[in-house]
Amino acid sequence: MLEALEFSVPDRLMGTLANRPGVVLGIDFGQRRIGLATGNELTGTATALQTIVHAGDPFEQLDRVIRDWRPDRIVLGLPLAADGSESKLSRSARRFAGQLKQRHPGIAFELHDERFSSRQADSQFVDARRSGQARRRDARKLDGIAAAIILE
């Protein structure tokens, strides 16, 4: 007969197990396009997913992505002005964030200053084009790359 083995998790590890790193969805909000990326808190890396064009209800497509990826947290880039002040676009992003929170109340949500993320994405794309790792048609992924930069 097999004896039951006792197994206990040391107290110092309990917080680690209870707060396991999870999937994070990054959103680069724009008036015409919304870039999406997924990230992992353990590795600290992010990958561009797709870009949603505001041709209709963007929430329908976003809801589908959220259902598929089941993120533990959503990080939405807040497009502040270069001096850190609010802008028309940042106010629109805050409204969008509020609507998204209402649609998915069980997911942790945060806004993150995204100043210069689009410029950094552009710069990475230019470097990739120069080195032959990207083509002109890959430019449609720029918003997703910006969302990945927001997460990282």
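The expected span of a helix is 1.5 Å times one less than its number of residues. You're looking at a predicted model, where local features need pLDDT of at least 70, side-chain atom pairs count only at pLDDT 80 or more, and totals for chains, interfaces and linings use all residues. Residues are numbered from 1 along each chain as its sequence is written, and side-chain values use heavy atoms, leaving out hydrogens and water.

**Confidence**
- The protein chain has a mean pLDDT (the predictor's confidence in each residue, from 0 to 100) of 78, with 69% of its residues at 70 or more.
- Helix H1 (residues 11-18) gets the lowest confidence, a mean of 40, while strand S1 (residues 23-28) gets the highest, 94.

**Helix H3**
- With 16 residues (88-103), H3 should span 22 Å, and its end C-alpha atoms sit 23 Å apart, which agrees.
- Its buried residues (under 20% relative accessible area, 1.4 Å probe, protein chains only) are Ser90, Ser92, Ala93, Phe96, Ala97 and Leu100.
- Those cover an arc of only 155° around the axis (taken from the directions from the helix axis to the C-beta atoms), so they lie on the same side of H3.
- The face turned away carries Lys88, Arg95 and Gln102, which are exposed (over 50%).
- The buried residues pack against S1, S2, H2, S4 and S5.

**Serine 92**
- Serine 92, in helix H3, is buried at 10% relative accessible area.
- Not counting residues up to four places away in sequence, serine 92 touches Phe29 and Gln31 (heavy atoms within 4.5 Å).

Terms used
Helices (H or I, at least four residues) and strands (E, at least two) are DSSP runs, numbered from the N terminus.
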